[in-house]
Each structure stands twice: as C-alpha cells, then as structure tokens.
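User: Hello! Could you walk me through this structure with a few questions and answers?

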Amino acid sequence: MDLELSHTQALVRQTARTFAQERVQPGARERDREERFPADLLREMAGLGLMGVNVPAAYGGAEAGAVSYALAMMETASACASTAVAMAVTNMCAELICAFGTEEQKRAYVPRLVSGEAVAGAFALSEPQSGSDAAGLTTSAVRRGNGWVLNGAKQWITSGAYAGVMVVWARSGGPGSQGLSAFLVEGGTPGLQVGPPEDKLGLRASNTVPLVFEDCALPASALLGREGEGFRLAMVALDGGRIGIASQACGVARAALEATLRYVRDRRAFGKHLGEFQAVRFMLANIKTELSAAEALTLRAAWLKEQQRPFTQEASMAKLFASEMSNRACDKAVQLHGGYGYIDEFPVERYLRDARVQTIYEGTSEIQRVVIAREVLRAAS
Ligand code: CAA
C-alpha cells in the first residue's frame with residue numbers, strides 16, 4: 001500500500017477541506033440547533049463532485065476511488081457530521097446501483113443522486129423490530145401483475161423525508177436472508193408515507209424518519225439485483241458504508257482534537273496554560289495516537305476496496321475502532337474544556353452528541369465484532 005496520496009486523492013481532499021471549512025462549518029451550530037437539513041449544501045457539494053466521489057464518470061460521478069471518498073468524508077465530517085451522513089448514504093446508494101443495477105437503472109437513478117437533483121439517497125433496511133437482525137425484516141413485496149406491491153414499515157431512515165431515490169428492502173420470498181429483495185423507490189411514490197422526524201441526541205441537522213408502505217405499487221423495473229438477492233446487496237453496501245462511517249468518526253474526532261488544542265493553548269489555570277500540564281498532554285497524546293490508528297485502518301480498508309480485494313473484515317475493524325475512538329476522543333475533549341465543554345458556545349458538546357451514533361448505525365460495535373470474528377475464524381479454518 002502506497003502511503004502517499006496520489007495527485008487525485010490530494011486534490012479531492014483539498015476540495016472537500018476548502019468547501020467544508022468555508023461553507024459547511026460556519027452554519028453547523030445553527031443547523032444543529034434548528035434541526036435544519038442541509039439540502040442546499042448537498043446540492044453545492046454535488047456540484048463539486050462530492051456526492052459521487054467513488055462513482056463512475058459514465059454515470060456522472062467523479063470516479064476518484066474509495067480512498068478519495070474516505071478522505072472527502074473525513075473533511076466533511078470534521079465540519080458537520082450531519083452533512084457527512086447524508087453524503088455517505090447518498091454515495092452508498094449510488095455505488096450499490098452501479099454495482100447491481102441494470103444499465104437502464106444506472107442511467108435513470110445514479111446521475112440524479114450524484115448531481116444533487118435527487119437531493120439525497122436513502123437506505124431503507126432497518127425496521128421497528130429489526131435493526132441488527134437485518135434478515136428478520138418483515139416489510140413484504142408481493143408480485144402484482146407485472147410489478148410489485150410493498151407493505152410495511154421502516155425505521156431510522158437517514159434523509160428519508162428528502163431523498164429523491166431510495167433503496168428499500170422487503171421480503172419477496174420465504175423466511176431468513178434468502179427471502180429478501182431490494183427495490184428502487186422514488187420519493188413521493190403513492191403509497192409511501194414519510195413519518196415525523198426523530199428528535200435525536202445528535203446529528204440533529206440530519207433527517208431521520210420512519211417510512212410506511214401501504215399498497216405501494218412499483219413497476220417490475222424497480223427490482224434491484226435479482227429476486228432473493230437483497231440480503232447480499234445489503235451486506236455489500238454496508239461493507240462500503242462502514243468505511244464511510246469510520247471516515248466520519250475520524251473527521252469528528254479530528255475536529256474535537258483541533259478544538260481542544262485551541263482551548264488548552266488559550267485557557268489558563270493555576271498560573272499556566274492547560275497545555276502545560278502533563279495530565280492534559282497525555283490525554284492529547286492518546287487522542288492523537290488513536291486517531292492516527294483509526295485513520296490508517298480506515299484508509300487501508302478503502303484501499304483494499306479500491307483494489308477490488310476482499311475488505312469486509314477491514315471495513316468492520318475500521319468502523320469498530322474509529323467509532324469507539326471517536327467517542328473516547330470527544331468525551332475527553334469535553335472533559336478538557338471543563339464547564340465550557342458542556343455548553344454550546346464551544347463545538348465539542350456537539351461533537352460528542354454526533355459521535356454517539358457512530359457505534360450504533362451501519363451495524364453496532366457488537367455486529368462489527370460478529371463480522372470480524374466470523375472472518376478471522378473463516379481464514380483460520
Ligand atoms: N458480502 C456478501 N455476502 C455476505 C456478506 C458480505 N459482507 N455477509 C454475509 N453475506 C451473505 C452470506 O455469505 C450468506 O450467504 P448464503 O446464504 O448464500 O450462505 C448470507 O449473506 C447470510 O449471511 P449470515 O448467515 O452471516 O447472516 P446473518 O443473518 O447471520 O447476519 C449480520 C449477519 C452480520 C449480523 C448482518 O445481519 C448485519 O450486518 N447486521 C447489521 C445490519 C446493519 O448494519 N444495519 C444498519 C442499518 S443501515 C444504516 O444504518 C444506514 C444509515 O442510514 C446510516
């Protein structure tokens with residue numbers, strides 16, 4: 001693995017960094033307070049190629065690779081984790097359609113996702129009674145005439161109220177993972193109702209809603225991949241998605257470290273700057289070391305993906321380590337800010353709230369350990 005960034009990777013990172021610092025970061029606190037979805041920013045990001053960094057140019061993407069995507073995600077998340085998760089899910093949908101869609105589906109949906117026309121993509125897998133146990137979902141897909149009819153409920157759907165294009169999983173066959181199929185559903189399709197946004201601890205500028213499908217009729221062309229192949233599609237998408245969340249975690253942790261470095265150089269106590277106390281310096285050293293380790297794991301998983309080599313285990317290791325690291329880093333950042341860490345005049349309380357979901361969505365830490373252990377044992381047998 002080449003540890004130097006290529007020209008393209010450096011360029012994508014710089015583009016994302018400049019945009020994040022100049023356009024995303026300044027309004028992040030207000031969007032969080034007002035729970036305001038960053039639709040305009042997402043469209044601007046699409047204009048810069050940031051909504052399809054790892055999507056083929058033939059379908060409107062930047063075709064800059066998975067490492068560039070991870071770098072762009074880190075930069076975006078360091079400014080606003082809510083904006084970053086909308087970017088992550090849109091990218092995940094676009095990549096999934098590119099990997100499994102027919103030529104017609106790719107041409108119909110991917111350019112709309114990456115150009116910003118669809119605002120965002122949504123990934124509708126989780127249900128009220130099935131989060132970690134994705135194979136247990138019960139939304140049904142029944143053949144009617146030439147097409148399909150969906151009935152059921154989805155829960156915690158990121159960008160669900162804004163998404164022009166969604167990938168929706170439903171049971172078209174028997175029980176378990178082999179009975180699932182994936183469908184492409186457009187926002188506003190009759191029979192699809194969007195519920196009220198969740199009132200969340202963090203990522204408050206991200207939109208998270210329940211969806212209800214009531215006799216939602218879809219054409220035959222809505223089926224993504226083959227009938228019964230849906231679970232595999234979900235797992236493949238989540239392998240890549242987990243690199244996105246690991247990158248998001250690294251970005252948030254880096255922002256927390258940078259804010260803390262500013263604070264400890266400025267704040268004085270007992271006649272010294274906080275940064276002169278060894279206890280403080282050791283905390284900073286731990287955060288930086290763990291952050292660097294998480295970045296390395298994340299970029300390695302992205303590199304394997306880019307090389308089209310197996311990366312399931314590496315994506316889960318990156319997601320597990322980076323999300324837990326991010327929570328530790330943000331917690332320490334709040335601690336080092338003292339009382340100022342607990343009020344929203346300083347950004348670290350938002351970072352801590354935003355980091356919390358990283359060990360939960362796109363597979364909890366416990367699910368990542370299930371995946372890692374399965375892969376390690378398989379390799380040893
Ligand atoms: N790639 C390809 N195929 C895979 C795969 C992968 N990474 N992982 C599993 N499969 C295949 C298996 O080979 C198996 O195939 P066969 O039936 O042909 O043998 C099939 O899928 C079933 O595999 P398992 O028996 O391992 O399935 P399981 O029911 O035990 O579940 C799990 C495994 C890892 C726990 C999985 O259910 C899982 O990842 N759960 C977490 C779901 C999740 O991450 N949800 C997040 C919601 S999305 C979200 O958060 C997005 C957002 O908005 C931010």
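Analyst: Strand β1 (residues 121-124) pairs with β4 in the parallel sense over 4 bridges; strands are DSSP runs (E, at least two residues) numbered from the N terminus, and two of them pair if DSSP finds at least two bridges between them. This is a predicted model, where local features need pLDDT of at least 70, side-chain atom pairs count only at pLDDT 80 or more, and totals for chains, interfaces and linings use all residues. Residues are numbered from 1 along each chain as its sequence is written, and side-chain values use heavy atoms, leaving out hydrogens and water.

User: Which residue in β5 is the bridge partner of V165?

Analyst: β4 is joined to strand β5 (residues 180-186) by 7 bridges, and the two run antiparallel. In β5, V165 has as its bridge partner E186.

User: Is strand β4 (residues 165-171) enclosed or open, and how many of its residues are buried?

Analyst: Buried means under 20% relative accessible area, exposed over 50%, and partly exposed in between (1.4 Å probe, protein chains only). Both faces of β4 are covered, with V165, V167, W169 and R171 buried on one side and M166, V168 and A170 on the other. Strand β4 is largely enclosed by the rest of the structure because the number of its residues that are buried is 7 of the 7.

User: Does Y342 count as buried or exposed?

Analyst: Y342 sits in the loop between α9 (312-337) and α10 (348-356); helices are DSSP runs of H or I, at least four residues. Because its relative accessibility is 71%, Y342 counts as exposed.
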